[in-house]
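Subject: Structure handover

Hello,

Here is the structure for you to take over. Please open it before reading the notes below it.

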Amino acid sequence: MLRWILGGREAQSSVEKSPVLCIGEEQPKNCFTELQVLKGHFDIVRFLVQIDDFRCASAGDDGLVLVWNIQTGERLQELRGHSQQITAITTFTCNNGLLSHTWLITASSDRSLSLWDPDTGNRVQTVSDLQSPVKCLLVLERLCVWVSGGEELCVWNKDFQLQCHKQNQSDTGITALIELPKNCIAAAMDKEIMIYRLTVSTDSSLSVAEIRCLSDHQDQIRALINVNDGLFASGSHMGELILWDAIDWNILAYEHILWEEPQACTQAEIRIGAPKPSEMSIQHLTTNGKLILAAVGSGLYVYSVLTKTVVAYRKVAHDSNILHTMLLSDSELMSCSEDGSVRMWEIQDLPLPAEPATPGFFGMWTFGRTHKQTGPPSKKIIDVPNIRTLELTGDLIGHSGAVQMFVSFKEDGLVTCSTDHLLILWKNGERQSRLRSLALFQKLEENGGL
């Protein structure tokens, strides 16, 4: 689908392309049959953030933030002010009685933070000469504050005034932040997750304190997400997936994916024979509250929160590392990769012929709990009922570089960004045809043509 529009693309990895993943031109389950290329950046575009139902913002290594109308593809605003690459971007919505307004907060390698009005393109607030660049941002709308993470954790109010801060001792700094119950924050720092608590005093001032350090990962944490109100999850460079209780911060489940030959080990593990140690890294995690989708090297791994077991997998889903994923429903998902493609998947009960459900293959995978907990003995995947596979249902070919991430606007389309400096707006071709026909008839009626 769409290969004939922009031509073919060779895989950008030394990994040999699997013939199973050549879906061909006919993709009846792929609705994205129209595309619109959005130009404006002149370097790698790394970030996309949804502002509202019809606008998104893009940012990257050129220091620009561009605001787009995803219904028309029009560039609405160009936010200039940063002198170096954007390192983080998020939205901040302020509610004043009946009125609410959404702002953009950006962080840059130039060691500055900026607050932007996406309606006008104006920079409303800025903080410069920070101690170090900010790597991640988190908005706590209930407290009407936001948090920046890097070499230190800083808490700011809506007027960009520093409320409190905490220095950390990690060499890598804070790389990810999520909100937890009871005014707590989880921050990923190298192999550890630090739990902070915000305290609001009687005079409305804020203070922050370290209250727990979770040091159960054996390698650098690459992903940290909220699963639901009571759970969060983390994934590491060596393929560890840990499910945590968000209230008392105990481990509820531990899975380990090792790309090596099986050998005796006391921990619960999933073992897969493969050549490169780097390909076991969990690059991205996403969830819908019931399932967790992990991008593990070039493969996809679907984990059930309820049963704490794998429900579906695809060992090689792309030709290179997967950078971003999304669960569209309990049976449909999407991924993008360094290979330049965006792929749509469907969870199916029967495995594909190329990956048969034989004891010889599944015997290399085991599931269970870590030795740090008491529980039932680990069991092989062959004993887990209803293991399923992922069938490729759509292959969106348009970018010539690694696709960094995407944002779905549901029926209005999908936006992707890439190292090729471009955004692509993917549209449902049938829906767009109906809308054009409707607009034509309305225009004829207005002009008395009917």
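This is a predicted model: local features need pLDDT of at least 70, side-chain atom pairs count only at pLDDT 80 or more; totals for chains, interfaces and linings use all residues.

The largest pocket

The largest pocket holds about 2000 Å³ of space. Its lining is made up of 41 residues, and the closest to the centre are Phe-47, Thr-175, His-284, His-324 and Met-405. By type, the lining residues divide into 23 nonpolar, 15 polar and three charged. Several strands each supply at least two residues of this lining, among them strand 2 (45-50), strand 6 (86-96), strand 14 (176-180), strand 23 (282-287), strand 27 (322-327) and strand 33 (403-408).

The sheet with strand 33

Strand 33, one of the strands that line the pocket, also belongs to an open sheet of four strands. The order in that sheet is 1-35-34-33, with antiparallel pairing. Strand 1 (32-38) and strand 33 are the edge strands, each pairing on one side only. From one strand to the next, the twist averages 25°.

Five bridges join strand 33 to strand 34 (residues 414-418), in the antiparallel sense. Within strand 34, Val-415 is the residue that stands opposite Val-407. Helix 3 (residues 429-446) lies across strand 1 and strand 35 (423-428), and runs at about 75° to strand 35.

Gln-404

Gln-404 is a residue of strand 33. Is Gln-404 buried or exposed? The cut-off for buried is under 20% relative accessible area; Gln-404 has 16% relative accessibility, so it counts as buried. Leaving aside residues up to four places away in sequence, Gln-404 touches Val-45, Arg-46, Leu-323, His-324, Cys-336, Cys-417, Ser-418 and Thr-419. One of these, His-324, is also among the residues closest to the centre of the largest pocket.

Four of the five residues of strand 14 are buried, so the strand is largely enclosed by the rest of the structure. Strand 14 pairs with strand 15 (residues 184-189) over five bridges, in the antiparallel sense.

Regards

Key:
Residues are numbered from 1 along each chain as its sequence is written. Side-chain values use heavy atoms; hydrogens and water are left out. On a 1 Å grid over the protein atoms alone, a cavity is a set of points where a 1.4 Å probe fits but cannot get out, and a pocket is an open set with protein on both sides within 12 Å along at least five of seven lines; lining residues have an atom within 4 Å of a point. Grid points are joined across faces, edges and corners, and a volume is the space filled by probe spheres set on the points. Ala, Val, Leu, Ile, Met, Phe, Trp, Tyr, Cys and Pro count as nonpolar, Asp, Glu, Lys and Arg as charged, and the others, Gly among them, as polar. Two strands pair if DSSP finds at least two bridges between them. Axes are lines fitted to C-alpha atoms, for helices over the stretch in contact, and angles run from 0 to 180 degrees between N-to-C directions. Contact means heavy atoms within 4.5 Å. Buried means under 20% relative accessible area, exposed over 50%, partly exposed in between (1.4 Å probe, protein chains only).
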